[in-house]
Amino acid sequence: MLSATVTLDPAFVVGPVRRRTFGSFVEHLGRCVYTGIHDPEHPSADADGFRGDVVDLTRELGVSTVRYPGGNFVSGYRWEDAIGPVAERPRRLDLAWHSTEPNLVGVDEFMRWCAKAGVEPMMAVNLGTRGVQEALDLLEYCNVPGGTNWSDRRRANGAADPYRVKMWCLGNEMDGPWQIGHRTAHEYGRLAAETARAMRMVDPDLELVVCGSSGSVMPTFGEWERVVLSETYEHVDHVSAHAYYWEEDGDLASFLASTVDMDHFVESVTATADAVRAAGKHAKRINVSFDEWNVWYQRRAESRPPSGDDWPVAPVLLEDRYNVADAVVVGSMLISLLRHTDRVHAASLAQLVNVIAPIMTEPGGRVWKQTIFHPFALTSRHAKGEVLRLAVDSPVHSTARFGDVATLDAVATHDPETGEVVLLATNRSVTEDVVLDVDLRGFPGLRVVEALTLANPDHTWSATADDDTSVLPRANTTAKVADDRARAELPPVSWSIVRLGRA
Ligand code: AHR
């Protein structure tokens, strides 16, 4: 059995636990909106057609912000198609996902859904086929109280009060050649700067997210951020990062170590942003909005859009079924995001329902939870207060993709109000148990309040609509505190949460 030591000290603080770290994403893609959040025929649907059971699970998941309406979809979107009487709304081709967009749900419905689900909306504007004017129109529609064309249209459509949306994404993945309206870094940087400058003339307090790279493997990674931030630095607040991981060719060890890439991604982007800051003699810092992250098996058939004359409404797309190992990686991605809370100021699990999602629905039928639901919900519920900088002494093992990696990946939070310390840890070994030994002398007198571990002898187990409860995070009875040291055994391929308090 391997062992790893972690030392905690209340003085070593990385930064606050930010609620916006627990954001998600709803795109007009596949069945995320239609038959996902919106299903008028469903028994739990409200007057807008929103499923009550999905709203309940969104709340249980602990989602803070929801990014909308895309994703690749936004780069061809005409937001004004989807306002006003539903029967008069046009149907359009959605080129990003080779689908038909019926426009039954638009900005007003989405805002009502956010209010119902208790989440903060985060809007994206189309900088693919559109530009400054359309972004301004949407902002006016959403945030101006009244007395102008678009704000009065919103009022006429039933929303007397402005939505006051604070966070706005300036397009989506504009570095990607697959993006409608894809641009070079210079072209996009100029467009984003002009859009941001104009949007701030309407509302100087907006928080604006400029597009960073769609992945660290992009050939322009790094240089894209340098050029785009050089153009936009004073006009924006955050730069986006997107990362998806999957188990390739049965290489589980590398897959479990995916956060080596996520750590590298954040550290490279913030280093680049800080270099632009120094070169431009700027005072403020640009932080990261990690607004798409998850496990996504992009090469599976379910990620292939329709083709030819087939332009369906809400086809089955990107409906990955997640196993236990996938959930361990999702748990470790949250560890990486929290570890970088000083520079990652927002994040969105992509996506929320049906499309690479923690929540799945049957049209008109059951709702169920995927394995990845659990580490997200538990982290969102219990990580509070401040993120602590840990001293970790872990064994290492070698991986084909990342070389030698620490077997234990961990982070801890401390809530000064309640005194609770929460330790989140993954054992990235494929074969070995790890005994976790935590030095708690900085927090004398703590006891184990709860310790849960997500693992299964068969890490390929996946939930289904018929059985989403056979494998859940279970009580880890090995977790104990004695003499201001906590100890817990972590099985291979596992994610754990250990809550310590003065109970
Ligand atoms: O989340 C699925 C897709 O992944 C999004 O539409 C796009 O932004 C990214 O490539």
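Residues are called buried when their relative accessible area is under 20%, exposed when it is over 50%, and partly exposed in between, using a 1.4 Å probe and protein chains only. The model described here is predicted, so local features need pLDDT of at least 70 and side-chain atom pairs count only at pLDDT 80 or more, whereas totals for chains, interfaces and linings use all residues. Residues are numbered from 1 along each chain as its sequence is written, and side-chain values use heavy atoms, with hydrogens and water left out.

We may start with the ligand and its surroundings. Taking a residue as near when one of its heavy atoms lies within 4 Å of the molecule, the ligand is surrounded by F25, E27, G71, N72, W97, N172, E173, Y244, E292, W296, Q351 and I356. Several of these side chains make polar contacts, that is, pairs of N or O atoms within 3.5 Å; within protein, one atom must be able to donate a hydrogen and the other to accept it, and residues adjacent in sequence count only if both atoms are side-chain atoms. An N or O atom in the side chain of E27 is 2.6 Å from a ligand oxygen. For Y244, the distance from a polar side-chain atom to an oxygen of the ligand is 2.8 Å, and for N172 it is 3.0 Å. On its own the ligand has 290 Å² of accessible area, of which the protein covers 96%; such areas come from the Shrake-Rupley method with a 1.4 Å probe, and for residues only the protein chains shown count as cover.

A cis peptide bond, with omega about 0°, joins A350 to Q351. I356 belongs to the loop between β12 and β13 and has a positive phi near 35°, though it is a residue other than glycine. I356 is buried, because its relative accessible area is 1%.

The peptide bond from Y68 to P69 is cis, with omega near 5°, and P69 lies in the loop between β4 (65–68) and β5 (92–94). A314, which is not a glycine, has a positive phi of about 50°; its place is the loop between β11 (287–295) and α9 (324–339). With 17% relative accessibility, A314 counts as buried.

N103 is found in the loop between β6 (99–101) and α2 (107–117), and it is buried at 1% relative accessibility. Its side chain reaches the backbone oxygen of P90 at 2.8 Å. With contact meaning heavy atoms within 4.5 Å, and leaving aside neighbours within four places in sequence, N103 touches Y34, Y77, D81, A82, R89, P90 and R92.

Turning to the cysteines, a search of the whole structure finds zero disulfides, a disulfide being a pair of cysteine sulfur atoms within 2.5 Å. For C114, the nearest cysteine sulfur is that of C142, 11 Å away. C169 is likewise in no disulfide, and the nearest cysteine sulfur, that of C211, is 7.4 Å away. C169 is buried, with a relative accessible area of 2%.

Notes:
Helices (H or I, at least four residues) and strands (E, at least two) are DSSP runs, numbered from the N terminus.
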